[in-house]
Amino acid sequence: MAKGFTLWFTGLSASGKSTLAERVRDLLLERGMKVEVLDGDVVRQNLSKGLGFSKEDRDTNIRRIGFVCNLLTRNDVVAIGAAISPYRAIRDENRKLIGRFVEVYCKCDIDTLKNRDPKGLYEKALRGEIENFTGVSDPYEAPEKAEVVVDTANEDIDTSVERIIGTLEQMGYIPAGDGRGYSEDEEESIKERLRDLGYI
Amino acid sequence: MRLLRRQRKRRVCVVGLDGVPFQLLKRLADTAVMPRLSEIIQDGGLRQMRASLPPVSSVSWSCFMTGANPAEHGIFGFTDVAPDSYRLRFPTFADLAAPTFWDKLGESRRRCAVINQPATYPARPIPGALVSGFVALQLGKSVWPKDHLPALQAMGYRIDVDLQQARDNPDLLLADLEATLETRRRAARYFWEREEWDYFQVVVTGTDRLQHFLWNAVDREDDPRHARVMAYYRAIDEFIGEFWDRFRRGQSADREGEGFLLLSDHGFAAVNKEIRLNAWLRENGYLDYQADDPTSVADITPATRAFALDPGRLHLNVKGRFASGCVALSEAPALRAELAARLKEITFEGRPVITHIFEREQIYQGPRTNLAPDLVLLSEPGFDLKGTTKGDEVFVDTHFQGMHTWDDAFVWTHLPIPDSPEISDLAKVILGWMLG
Amino acid sequence: MKRLVVVGLDCLTPQWALDAWLGDMPNLKSLLDRGVGGRLRSTIPPITVPAWSAMMTSQDPGMLGVYGFRNRASHEYDSLKVANAASIKARTVWNYLSRNRLKSLVMGVPQTYPPKPLNGILISGFMAPGKDVPFTYPDGLRGLLDQAAGGDYILDVKDFRTEDKAALLESVKKMTQARFRAFRALLKADDFDFAMMVEMGPDRLHHGFWRYCDPTHRLYEAGNPYQHVLHDYYINLDQELGRTMEAAGEGASVMVVSDHGAKAMDGAICINEWLQEQGYLTLKEQPRERTRLTPDMIDWPNTKAWGEGGYYGRVFFNVQGREPQGCIPPGAYEGLREELAAKLEGLGDEEGKPIGTRVFRAEQVYRQVNNIPPDLIVYFGNLDWRSAGSVGVGSNHLRENDTGPDDANHMEDGVFVWDPGADRSPRRADLYQIYDIAPSILRFFDLDVPEEMIGSSII
């Protein structure tokens, strides 16, 4: 069975995309998988150097990241994209191109983001010092059918990571790990109970 | 001096009776077996309600607690199948992929006390307190916060009856049911009094157990255990009555019992025969095993085109979906149609027994639709659909007396609910009323 | 390229490897001369399970929740379950290496069955039920492994508690040779950053041959045909070590480590006979001959404590509200523990002379206590004596093992020798801690030592 797939984190700046991407990457590496992260900030320093934040430039950036994710995916590497990727149509383009595509929407309310503001960008954007800032002066189109929605304002990181890994296991993208679900003995007990009630 | 009327937060109390069907509930109220119930349901709306598809407790209560359908919350049954190994897996509370309405209440600073609802094991933090229900293996992992564990142990709290004994010893089962209900009552009182809650929920699961093993005694007055069984429902009636009284005492006069709900998660009916779907699939050339004594669908051959899981779920062995899939994606619709047509023709003593064949897109919407069974079947009451891999016979006798049904669960409440409700509708109603 | 190779030799014992026979082991000596080495204090208890897991995770048995091969899964009377890899929730050193994209070869480390994924190759340890179950990661490496071993990779010898000493010796030698061969072959097959093997041979031979080789053992007879078995085996191990150091390549760092040591065993204390004599244990019926004690033989309402056999002694209490038919009121638990501990510490040999027994309480020796520990952990005669669980013996002392011939007990110090490389300035000491190994391995690769590791790096 094909081993590669693309895990795409989308959400506003400071919503937790990079943090979660790294945590998931580490867990998958631990499980012996080949993984690479294409983080929007990092990509804009190399592959997409010189691109701005106009709609056109953003679309180019996301398409470039999608292009590379596709190359990795078809070579059995897990590609993790983490970028604001505010336009639904372009995200869906990547989904269509790559196929084995799992979208994680990092939802976070604007007040929490403003409080976090780790790079001081929201403050600058609100003062008008930065133009085209997603969530302030530029639009963000939230996903309608993301495979996982993590509410990073209300959920702790470990829980979010568990849910993402759980989804990947359930959807068959990664083999089931241990620690989740039941031990062999527990499974035997459950089977017995279900049998006793005629549920299996 | 004018007294300011403080805006009080609205409270809700839900008492669940696992598996109690609409008609039975009405009968118990009308024949004064459950007089408190009869009094309570005089006003407000008692409605027949559709359970989840399939109508098993883990799915139905998951639909209840998330207000979502299985393609959103990810729980399709007590069992599921791992796509790489075909091994059976057993979803846990951690596998629930949609937020519960208890979590949503927490976001608005409301607190919840939830006791014994199936599909909440192992216990995890909720805004308030949780005691897991079926299939909870160890009490130690069924309580959150853990501080409540000593109290539950001290009161002899029991999660479930002894199912092994139940089959052979109906009298022991009845004694066990009564004892378990008593501990459920104690635990409910404990959390009622000790927890600061806005939402309270307790589920009695003994009804489902009783009905599986002793449906004849429930249904037939001439059964020798009928009286004792009715006494059990009477005890439940007192249980309901106690919490109804407590709930109203805590509210102002103009909110008399408004936030109280009674519901079941699916219906029940007498069962005569089991229908073994995998045996039928094998007989008709869709499935085969690579072991002499197959223990589960993990033993199917790669050439198998379709296999069944309990109860009434059919999966096509599609390439890309399963590791040894042999059905191309493009062939799947035709194969589904073919299967549906042939399944409709299954008869027992001349009568067709499959009443509904749902394609997954008809009944599920959400990110996990592609993990759902391709077809979900319902059968004539009396015939219980099974996903076992044992045996060659399609129709088999069963020692069970009762089986689950889909469209005759019940809900009672004063709150405004849709006319033809489904269990997943209730979360929105409760949230709307509490936070609206 | 930095590479670290760890040769694990289960039960290799310091009084021979680092002292009496070091002169005959030139490869080990050269490692010691270039680097550092000394005794390695093992876990409490110093048993293969959980010592290797503790070493690889730098977590103590209480943190791991594993106190020996078999642990109580619940407070039921019949709940002893064999610990396996699934029992270990903590991260091993190769988990951390995988996270950092370093590749590992892990062969034969105890408690690694069933195999879990990693970046590299893992061959389960000796407790895998056989080679016809998935015992490697990735799956399906059996053929490659057997070929690399020169024909047949051997997980473990059939039964080391046998009277047929000649056969035991033969099979251990074959096993050792096969494992080293397989390790060296796989080492060359890929560019592993970290490669570790554990050979069980020394443990098996110690148990089987100690009385023939140690002049201080009470059953030793000078001039017996097996007198030099262990000495010759140690020389053989050193030769294998030499070949492995070569295969590791220029610039590779090599470490030799054992999970615990060994020493002569004087006899066994029949813990359940003693508990009966002292009035803590009551049987329904007195057995007429020596039998294994099973829960159904015990009169539970009249039993306060029962024990289990093994290299170390475990005592379990029958507590009200905890065990199904508990009779010790919870308030009396601590008092009873004190009382029993004191009596055990004063235990004497057949003549009543105290044998120097040590008693531990889990909460005092571990940083955390997870799962269900024994209520008392006992080193009879400071491990000069083992524990025998049988009843119907007729005596508290048994001068042989009740589960088959076995002359050696474990000793709490194993061996540690390491040459980390010229620029590393390793800490010099006579005694190291088993918990220091994993941190040292991580630091070798310039990785941070995670907080949960309780040991400290030697470099």
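Leaving aside residues up to four places away in sequence, Val24(A) touches Leu7(A), Ile80(A), Val161(A), Ile164(A) and Ile165(A); contact here requires C-beta atoms, placed from the backbone, to lie within 7 Å. This is a predicted model, in which local features need pLDDT of at least 70 and side-chain atom pairs count only at pLDDT 80 or more, while totals for chains, interfaces and linings use all residues. Residues are numbered from 1 along each chain as its sequence is written, and chains are lettered from A and ligands numbered from 1 in the order in which they are written.

## Chain A

Chain A contains eight helices and five strands, taken as DSSP runs (helices H or I, at least four residues; strands E, at least two) and numbered from the N terminus. Its C-alpha atoms fill a box of roughly 65 × 40 × 30 Å along the principal axes.

Of the 200 residues of chain A, 44% count as buried, meaning that 20 or more other C-beta atoms lie within 10 Å of the residue's own. Among contacts in chain A with a separation of 6 or more, 73% involve residues 24 or more positions apart.

## Interface of chains A and B

In chain A, 27 residues are in contact with 27 residues of chain B. Elements α7 (157-170) and α8 (184-196) of chain A each give two or more residues to this side of chain A, and α8(A) gives the most, with seven residues.

## A sheet in chain C

Four strands of chain C form an open sheet in the order β12-β13-β15-β14, with antiparallel pairing; strands pair if DSSP finds at least two bridges between them. Because β12 (305-308) and β14 (358-360) of chain C stand at the edges with a single partner strand each, one side of each is left without a neighbour in the sheet.

Three bridges join β14(C) to the antiparallel strand β15 (residues 376-379) of chain C, and Val359(C) stands opposite Val378(C) in β15(C).

Note on methods: Two residues are in contact if their C-beta atoms, placed from the backbone, lie within 7 Å. A residue is buried if 20 or more other C-beta atoms lie within 10 Å of its own, exposed if 12 or fewer, and partly exposed in between; C-beta atoms are placed from the backbone.
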